[in-house]
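Please read the text beside the sequence and the coordinates.

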Amino acid sequence: MRRIQAFFMALVLFVLFLAGFHLMMNRIDLRGGDGFRFFYSDFRNKSLAALTDNMDEDTMPIFGSSELGTWTDEPYHISHMFTRQQVNSMTVGYPAVQSLQDAISLGAIAGKKSPKKVTLLASPTWFSGTGVTTAAFKQHFSDTAYLALLKNDRLSAETRQKIAGRAMELAEGDAGLATRVRLYNRAYAAENASGAERIAADLLAMNRGDQENFAAAVLKLKNAKKADKNIGPEDATVHSYLKEDGSVDWERMKEQAIKDTASQSDNPLYVMNETWRKSYQKNYQAGDQVHKNEQWTSVREQEDFELFLQVAKELGIQTQVIILPVSGYWYDATGMPRANRDLVYQKIVKSAADYGAKCVDLSAHEYTPYFMADVYHPWSLGWTYISEAIYDFYKD
């Protein structure tokens, strides 16, 4: 009898703790300055509140992956380029985040504060292998974002069910994640869910959401000075390139970006010397065919990419896809023919057109000197082209 009483006492205390923790999380302010809107952290990205609390009706999310956190101290990086009045934007992305995760995040955000426009920085390397891996999907999975997507009745049941099926497929390799995804799907993606199933799903997501928000709050607190910083008019990179009519002199900025980086690159790939020596020099000089006849033709990633476009289309969000190039010098030398790379570029362009999205294809810059800091990520010149496309799309 005493054991039973002790068990119920412990259970009551645990429930009270969770309730208190939830109340505390509801009072935490996750709003920050521009520093937090561009903060490169999975903890911020996985907290739906940390995203939506820092948005207003004119905010344009910019979805991407590892390029969002590469060489962020350089003035040409998107996080330094504009003031909020020029381009009201916010980045969402992390390494190994790909189209499916972006589709979930967009559907979740649009269930809270629907943006008018969205930009996706699409990397051709996403289409290698079988697309996003189970490990990556698990790492970046947000319970609150996923449930918000499933509850977003502005999306068709068919689209939500497609995403639910794909999520279940990727979650199967992890028992804990699979159990949660199965519960959420049963409660909000299947027909005839019971009230008890929906309550269970909501309570589970609430608890997981509290954990996500707590991690984001700790991140913000530990980086308070950076997170609260705003980009002032004179701090924004475009300030030095404004013409008398208020437009941006992009050509002059591109010329300056080349001047700023050319002295830092004297290698055959035209990338940053530091990355050349550290990652590529040995294989390049040895003639290693590390990408011999590689194909980037993942059907799964293509389907996930089109799910992102479908989500945006159904929500009435104007979409821009910017195709990021890779280093043609590197892939030619290591055995991947240009024709193989062109195939994935062409597929992205076609899918964007099929869904009515604007597409800016930067693949022609595979051989543009100083465009890439390494073989995957844009350098100063690359970011200037990307920012020009973002600026024009936002202002249009």
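## Strands, salt bridges and a surface patch

Both faces of strand E2 are covered, with Ser 89, Thr 91 and Gly 93 on one side and Met 90 and Val 92 on the other, all of them buried (buried means under 20% relative accessible area, exposed over 50%, and partly exposed in between, with a 1.4 Å probe and protein chains only). In a regular strand the side chains alternate between the two faces of the sheet. E2 spans residues 89–93, and five of its five residues are buried; helices (H or I, at least four residues) and strands (E, at least two) are DSSP runs numbered from the N terminus. Strand E1 (residues 60–64) pairs with E2 in the parallel sense over five bridges, where pairing requires that DSSP finds at least two bridges between two strands. In this pairing, Gly 64 stands opposite Gly 93 of E2.

The model is predicted, so local features need pLDDT of at least 70 and side-chain atom pairs count only at pLDDT 80 or more, while totals for chains, interfaces and linings use all residues. Residues are numbered from 1 along each chain as its sequence is written, and side-chain values use heavy atoms, with hydrogens and water left out.

The whole structure holds 23 salt bridges, each defined as a side-chain nitrogen of Lys or Arg within 4 Å of a carboxyl oxygen of Asp or Glu.

Arg 166 is buried at 6% relative accessible area, whereas Glu 169 is partly exposed at 35%. Arg 300 is partly exposed, at 34% relative accessibility.

Glu 172 is partly exposed at 48% relative accessible area, and Arg 182 is partly exposed at 43%. Through shared partners, salt bridges join Arg 166, Glu 169, Arg 300, Glu 303 and Asp 304 into one network.

On the surface, Ile 199, Leu 203 and Met 206 form a nonpolar patch with about 270 Å² of accessible area together, and Leu 203 is located in helix H11 (residues 195–222). Patches are made of residues with over 30% relative accessible area and no salt bridge, like charges being joined within 9 Å and nonpolar side chains (Val, Leu, Ile, Met, Phe, Trp, Tyr) within 5 Å. Accessible areas come from the Shrake-Rupley method with a 1.4 Å probe, and for residues only the protein chains shown count as cover.
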